[in-house]
Amino acid sequence: MSSMSSEKTQKTTHGIGISYLFQFMPKYAGLIVTSMFFLILATVASSLQPVWLKKIIDQIAGGTTLQGLSALLITYFGLKAFEALFEFIRDVSFAPAEMGIWRSISERLFSHMISLPVSYHNEQRVGGTSRKVSRGGRAVSFILDFLISNILPTIFSIIFVTVVLFRLYAPIYAVITFLTVAAYTAFTLYATDKRQKYRLAANEADDEVSAIEVDSIGNIDTIKYFNNEPFQLQRYLPVINKRYNLSVASNNLFALISGVQGIILLVGMGTILYLGILQNLRGELTIGDLVLLTTYVTQLASPVAVLGFIYRQIKDGLADLDGMAKIMAEEVTIKEPEHPVHIEDPKGAVEFSNVSFKYATGRQVLKNVSLSVKPGEKVAFVGPSGVGKSTIVKLMFRLYEVTDGAILIDGVPLADISKESRRDIFAIVPQEPVLFNATISENIRFGKPDATDAEVEAAAKLANAHNFIAALEKKYETTVGERGVKLSGGEKQRVAIARAIIKDPRILIFDEATSALDSHSEEIIQESLQRVSKGRTTIAIAHRLSTIADSDVIYVLKDGKIAEQGTHNLLLAKGGIYSEMWRIQAEQREAEEVLEALPED
Ligand SMILES: Nc1ncnc2c1ncn2[C@@H]1O[C@H](COP(=O)(O)OP(=O)(O)OP(=O)(O)O)[C@@H](O)[C@H]1O
Ligand SMILES: [Mg+2]
């Protein structure tokens, strides 16, 4: 699978990369034009200085008074001062444009990334995606910055210097300058393109490195439980070796390119100097002229040399942008409706009409499931592990789209309901609740961002979480660690319950909400769940049947279908799957009760 994805990355999409930059520019057109204008002024001021320097030197050589020089000196230093001023204005007007574009792109990218369906993210390596995003963001400001502070000024000064040389001296100087720059540029473009494939491959390797790092940190407990540090290192080594080889190859090529570039510059600039000296010796050029030519030669040589470096950097940047553009090109397959229906006063009726579902990479999970839950009803799904209970819940939240049939809420197809309505209608306590690395109060508030502290506490009390939170040193301001690792399984579950009930939704869904709790805590929570589920539709999934026995309807799933449905008593009387499950669990319960009845000690 990894070889497939690396092949995919080799195909570049630079077109997308660059056009992505351009589409954000119009908003900053004023600032960009201003900075370009001052950029040109600064270049002119800087390129004119050698001309005045030549005049000053020729005057001195011809014997003059300080008085006679003063106008020239004032102009010369005036040009220097203006150059500095223009540069300053250029900088100040460009920074907000550059960072503004970066901000817009980051915002769009992040928003796109979190809009992409779960099915996309499940296929990605977390470390890889986040590194692509940050590399892309860096590349954006990088490219823009170099464009405006290096490339354009260099191009302008090349043009300007060529024109000045052409007007003041024999055409041969302008021609040589032009040819040198042309040869240099052509070679740089050619060579850098050759080197590009190493950079793309190095990026790919870099993503792999990061993916293993992030995956290892995320699974650090598992690594320790199995004492598998050496094994994990063995997985890491080949990947960093690959990265090493690619980087070394890329750098060697880089050094070679730099060498050839140096030679081209040397030949061109050397020729100009040689001709200048010859002409001077023949008395055709003054010392001032020689100084002018030398200054231009050095003034051009360094930015042109830098230009080569920058071109390579920009190509690298474009390769980085490529990864980002790929994420942007990824389609949001689960789209928000074009004409979203807003459900004003949701009742909480749920209907499954011939729902079938298959994971893109998996088997058919649901086959023609039809059911209907009335507002305020309490229903439960039970059935063996892997039968598709959590999948049903994911479909209700549109984490995945049904393959066939429809889910309707208050008679409206789920796919037509506005995001806002869906947000108001549903809340869930997921099977494996994961918390943000933030405080407990922030995590609970995720269910209702504008909740007051009192509401947060009330929700925590309902979820039987308040007591354990109050016993913590920082109480509600305790941070829970990455994904909530600093809380016990049951504590995490109770925070997740508080997060769901603070929403006050029409439809509450519990996917094994109390599975991590001891029977005593479970009883307490069961009781509060009963309280909060009053007047709402409640859908509960549970393995422990005692927790859902009071449901209005219990659906027993088997082989992707509803095998049995009805109340607890009805299903028991029927003597089918449910009654068999109940019998087994009842035996276990009896055994537990006997144990619990034993005197302590
Ligand atoms: N993202 C996925 N891609 C492919 N297959 C999946 C995916 N998620 C779940 N499945 C498969 O779908 C089936 C149903 O999974 P689901 O999580 O709905 O089961 P469940 O009834 O909730 O089980 P449990 O009681 O163990 O929680 C399983 O066979 C599972 O392997
Ligand atoms: Mg499940």
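Colleague: Nice to look at this predicted model with you. What makes Leu79, Phe86 and Trp102 in helix 4 buried?

Modeller: A residue is buried if 20 or more other C-beta atoms lie within 10 Å of its own. Leu79, Phe86 and Trp102 are among the buried residues of helix 4, which also include Arg90, Ser93 and Glu98, so each of them meets that cut-off.

Colleague: How do you know that helix 4 spans close to what is expected?

Modeller: Helix 4 covers residues 66-115, 50 residues in total, and reaches 72 Å from its first C-alpha to its last. At 1.5 Å a residue, 74 Å is expected.

Colleague: Where does helix 4 bend?

Modeller: At Leu72, by about 30 degrees. That angle lies between axes fitted to the seven residues ending there and the seven starting there.

Colleague: Why are strand 1 and strand 4 called paired?

Modeller: Pairing needs at least two bridges. Strand 1 (residues 350-358) and strand 4 (residues 404-409) have 5 bridges, in the antiparallel sense, so they count as a pair. Phe352 stands opposite Ile407 in strand 4.

Colleague: And what joins strand 4 to strand 5?

Modeller: There are 2 bridges between these antiparallel strands, and at least two are needed, so they pair as well. Leu408 has Pro413 in strand 5 as its bridge partner. In this hairpin, 2 residues lie between the strands, and Asp410 takes a positive phi near 50 degrees.

Colleague: Which residues have pLDDT under 50?

Modeller: Residues 1-15 do, and the model has 12 contacts beyond four places in sequence for them. Where pLDDT is low, the predicted coordinates should not be read in detail. For the protein, the mean pLDDT is 83, and 95% of residues reach 70 or more.

Conventions. Residues numbered from 1 in each chain as written. Chains lettered and ligands numbered in written order. Predicted model: local features only at pLDDT ≥ 70, side-chain atom pairs only at ≥ 80, totals over all residues. Helix = DSSP H or I, 4+ residues; strand = E, 2+ residues; numbered from the N terminus. Expected span 1.5 Å × (residues − 1). Buried ≥ 20, exposed ≤ 12 C-beta atoms within 10 Å, placed from the backbone. pLDDT = per-residue confidence, 0-100. Contact = placed C-beta atoms within 7 Å.
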